[in-house]
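Here is a short report on one protein chain. Please keep the sequence and the 3D view open while reading.

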Amino acid sequence: MSTTQQTIQVAVPLRTAYNQWTQFTTFPRFMTVVKGVEQVRPTLTHWVLGIGPVRRRFAAEILEQEPDTRLVWRTLDSRHEGDVTFRSSGPERTMITVRVRIGRGGIASALLNVTGLTRRVVGAELTHFKEFIEGLGQEVGAWRGTIRNGHVRPLEPEPPRSRVPRWPVG
């Protein structure tokens, strides 16, 4: 596997950057390579990426997601996987690091590695995210759930239920 890692600082609070990142369906609004995203379930997304006339469709599974901290994914076809981490770097600043690992095999994988295309695309798309979120100054939505081993965890534990079936009516 070849790994590409890019980091960028955005001038918004950590929570704002993370919240916007969880809005995958908005990615085509500001990312040039992302042509479409469908959120099928909290842990499953369908993507269409394109450069020029070339399009690639794939499904990605979110394996881990911790609000304001990180998100880990892999494609169902095992061609790539990655993670994004969020770290506060000041009162109104957030460091975002994206790491993408592309599987070995095939001419396309070798070409992406040799030409440095993956590194350049990830860097450019992070810059587009920065321009988008700083331009808005706030997120357009949020998903604050936690995912562990591909399973969604409740946001908060359910409150204990009363053991009294009904209060007496007087």
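In this predicted model, Glu61 stands opposite Arg74 in strand 5. The two residues mark the pairing of strand 4 with strand 5 (residues 70-75), which is antiparallel and runs over 6 bridges. These strands form a hairpin with 3 residues between them. Asp68 sits in that turn and has a positive phi of about 65 degrees.

Strand 4 (residues 54-66) also pairs with strand 3 (residues 44-51). That pairing is antiparallel too, with 8 bridges. Here Leu49 stands opposite Arg56 in strand 4. Strands 3 and 4 form a hairpin with 2 residues between them. Gly52 lies in this turn, with a positive phi of about 60 degrees.

| Strands | Bridges | Residues between the strands | Turn residue and phi |
|---|---|---|---|
| Strand 3 and strand 4 | 8 bridges | 2 residues | Gly52, about 60 degrees |
| Strand 4 and strand 5 | 6 bridges | 3 residues | Asp68, about 65 degrees |

**The nonpolar core**

The largest nonpolar core has 30 residues. Those with the most contacts inside it are Trp21, Phe24, Phe27, Trp47, Ile96 and Val98. Helix 4 (residues 117-136) gives the most to this core, with 5 residues.

Which residues does Phe27 touch, leaving out those up to four places away in sequence? They are Gln20, Trp21, Val34, Val37 and Trp47. Two of these partners, Trp21 and Trp47, are themselves on the list of residues with the most contacts in the core.

**Aromatic rings**

The model holds 11 aromatic pairs. One of them joins Phe24 and Phe27. Phe24 has 6% relative accessibility. Phe27 has 4%. Both values are under 20%, so both residues count as buried.

Phe27 also pairs with Phe30. The centres are 5.7 Å apart and the planes are at 55 degrees, so this pair is tilted. The two residues belong to helix 2 (residues 27-30). Because they are 3 residues apart there, about one helical turn separates them. Phe30 is buried as well, with a relative accessible area of 9%.

These rings belong to one aromatic cluster. Its members are Tyr18, Trp21, Phe24, Phe27, Phe30, Trp47, Phe58, Phe86, Phe129 and Phe132.

Helix 1 (residues 14-21) is mostly covered, with 6 of its 8 residues buried. The buried ones are Thr16, Ala17, Tyr18, Asn19, Gln20 and Trp21. Tyr18 and Trp21 are also members of the aromatic cluster.

Is Thr94 buried or exposed? Thr94 is buried, because its relative accessible area is 0% and the cut-off for buried is under 20%. This residue is found in strand 7 (residues 93-102).

Which backbone atoms does the side chain of Thr94 reach? One is the backbone oxygen of Val12, at 2.9 Å. Another is the backbone nitrogen of Leu14, also at 2.9 Å. Leaving out residues up to four places away in sequence, Thr94 touches Ile8, Gln9, Val10, Val12, Pro13, Leu14, Ala17, Phe86, Arg87, Ser88 and Ser89. Among these, Ala17 is a buried residue of helix 1, and Phe86 is part of the aromatic cluster.

Technical notes
Residues are numbered from 1 along each chain as its sequence is written. This is a predicted model: local features need pLDDT of at least 70, side-chain atom pairs count only at pLDDT 80 or more; totals for chains, interfaces and linings use all residues. Side-chain values use heavy atoms; hydrogens and water are left out. A nonpolar core is a set of buried Ala, Val, Leu, Ile, Met, Phe, Trp, Tyr and Cys residues joined through side-chain atoms within 4.5 Å. Buried means under 20% relative accessible area, exposed over 50%, partly exposed in between (1.4 Å probe, protein chains only). Helices (H or I, at least four residues) and strands (E, at least two) are DSSP runs, numbered from the N terminus. Contact means heavy atoms within 4.5 Å. Two strands pair if DSSP finds at least two bridges between them. Rings of Phe, Tyr and Trp (its six-membered ring) pair if their centres lie within 6.5 Å; planes under 30 degrees apart count as stacked, over 60 as edge-to-face and the rest as tilted. A polar contact is a pair of N or O atoms within 3.5 Å; within protein, one must be able to donate a hydrogen and the other to accept it, and residues adjacent in sequence count only if both atoms are side-chain atoms.
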